[in-house]
Amino acid sequence: MALSAGGIPVTMTCPGTILITGASSGIGAALSAAYACDQTTLVLMGRDEERLAQVSAACRDSGARVVTVAQDIADIGGFLEELSNLDAQWRFDLAIFNAGIGDTRAPSQQIETPQQILSLLDINLRGPAVGASLIAERMIARRQGGAIALISSVAAFVPLPMATGYAASKSGLNAFALSLNAALRRHGITVSLICPGYVDTPMSARLDTFKPFQMKPDAAARAIVACISSRRTFAIIPKPYAIAYFILKFVPARLAVWLSSKFSLDASPYRSQGLPIADLNARAAACSSTKSDNT
Ligand SMILES: NC(=O)c1ccc[n+]([C@@H]2O[C@H](COP(=O)([O-])OP(=O)(O)OC[C@H]3O[C@@H](n4cnc5c(N)ncnc54)[C@H](OP(=O)(O)O)[C@@H]3O)[C@@H](O)[C@H]2O)c1
């Protein structure tokens, strides 16, 4: 049986032309390897051109045709324009919105700053939501079906006192993905929402905490590919987190909040800030002045 570079049967990994955001690191790099074979064209997005080039070289070695694009998702206008041009040229069969940041409150902070929250919502929620809508619109117009996958997190399901922005961004992404799925069903376009637990990547390496059932990126990529190829609407990986999700449904919100308020962790500073900090400060100031105008 022919296997992709990620050791996955090619029959599961050959939807033709595939967009992967956040391909320069972690889960996205592992997904790129998983899909790399001589029947795929991979459009790999990230910001770090050097790491993108390394990932693309490995995918080319496996026979894939690869295009790399350096684009900051926090620049939403530029991101949409880039996606539109790329889809006009490559006509994606599958678009995986995986890029994300996992910022948390620093130990010295009582709460995350407005700038951190803005950045998390821009990169983890606004970017993938508007990007998926744009691709969906174009897939509908082509009338040939297609698939969209959104990489969320189990952080969407629990109150996280040290990561309020991250939890909100992923929770919003879940609501968006399930609604998009309902909207696209009659067009033959599948939407898969995948919520991983801990995965051993630079994002989780910053967190100084116990990481139960942590997966290796290639194992996470294999599970994600299996969900997409079987057209799963919603999946939590690995299984123990799916069981925990089921149990959590019976825990009253008040108890969940009280329990999570006892939880704390240390995280090293985040290496990527999304928008330039000056831009974020300006936007946060604009938000505050609008608020005071309204009061
Ligand atoms: N690791 C975990 O434990 C875990 C658990 C649950 C869910 N997830 C989710 O899985 C996804 C991938 O995370 P990961 O663990 O693989 O993290 P990672 O190793 O830090 O990779 C994040 C990727 O997102 C890209 N990215 C970040 N900000 C961006 C921006 N402003 N514009 C464009 N690209 C940007 C990065 O590109 P550059 O490096 O080139 O900037 C990188 O390719 C995220 O959505 C994350 O929330 C991760």
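Me: By class, how many nonpolar, polar and charged residues does the shell around the ligand have?
Reply: This is a predicted model, and what follows should be read with that in mind. In it, 31 residues surround the ligand, and the closest are Gly-22, Gly-26, Gly-46, Gly-100 and Thr-201. Sorted by class, this shell comes to 13 nonpolar, 14 polar and 4 charged residues.

Me: Which helices each supply at least two residues of the shell around the ligand?
Reply: Gly-26, one of the closest residues to the ligand, is also one of the residues through which helix 1 meets helix 7. The helices that each contribute at least two residues to the shell are helix 1 and helix 6, the latter spanning 202–205.

Me: How are helix 1 and helix 7 oriented to each other?
Reply: The axes of helix 1, residues 26–35, and helix 7, residues 217–229, come within 8 Å and cross at roughly 60°. The crossing in which helix 1 passes helix 7 is right-handed. Angles from 65 to 115 degrees would count as roughly perpendicular and those under 35 as roughly parallel, and the two helices are therefore described as oblique.

Me: By class, which residues does the contact of helix 1 with helix 7 have?
Reply: From helix 1 the contact draws on Gly-26, Ile-27, Ala-29, Ala-30, Leu-31 and Ala-34, which meet Pro-217, Asp-218, Ala-220, Ala-221, Arg-222, Ile-224 and Val-225 of helix 7. Divided by class, the contact has 10 nonpolar, 1 polar and 2 charged residues.

Me: How is helix 3 placed relative to helix 4?
Reply: Helix 3, residues 76–90, and helix 4, residues 114–142, pack with their axes 10 Å apart and at an angle of about 30°. Since angles under 35 degrees fall into that class, helix 3 is roughly parallel to helix 4.

Me: Which residues does Glu-82 touch, not counting residues up to four places away in sequence?
Reply: Glu-82 has its place in helix 3, and with 19 other C-beta atoms within 10 Å it is partly exposed. Its C-alpha atom is 9.7 Å from that of Ala-70, a residue 12 positions away along the chain. Setting aside residues up to four places away in sequence, Glu-82 touches Val-69 and Gln-71.

Me: Where is the place of Phe-213, and is it exposed or buried?
Reply: Phi of Phe-213 is near 55°, a positive value in a residue other than glycine. Phe-213 is placed in the loop between strand 7, 207–208, and helix 7. A residue counts as exposed if 12 or fewer other C-beta atoms lie within 10 Å of its own, and Phe-213, with 12, is therefore exposed.

Me: What is phi of Arg-143?
Reply: Arg-143 is found in the loop between helix 4 and strand 5, 146–151, and with 8 other C-beta atoms within 10 Å it is exposed. Its phi is a positive value in a residue other than glycine, near 60°.

Me: Is the peptide bond from Ile-237 to Pro-238 cis or trans?
Reply: Pro-238 is in the loop between strand 8, 234–237, and helix 8, 239–248. With omega near -10°, the peptide bond from Ile-237 to Pro-238 is cis.

Terms used. Residues numbered from 1 in each chain as written. Predicted model: local features only at pLDDT ≥ 70, side-chain atom pairs only at ≥ 80, totals over all residues. Axes fitted to C-alpha atoms, helices over the stretch in contact; angles between N-to-C directions. Helix = DSSP H or I, 4+ residues; strand = E, 2+ residues; numbered from the N terminus. Parallel < 35°, antiparallel > 145°, perpendicular 65-115°, else oblique. Left-handed = near helix turned anticlockwise from the far one by under 90°. Contact = placed C-beta atoms within 7 Å. Nonpolar A, V, L, I, M, F, W, Y, C, P; charged D, E, K, R; others polar. Near = placed C-beta within 6 Å. Buried ≥ 20, exposed ≤ 12 C-beta atoms within 10 Å, placed from the backbone.
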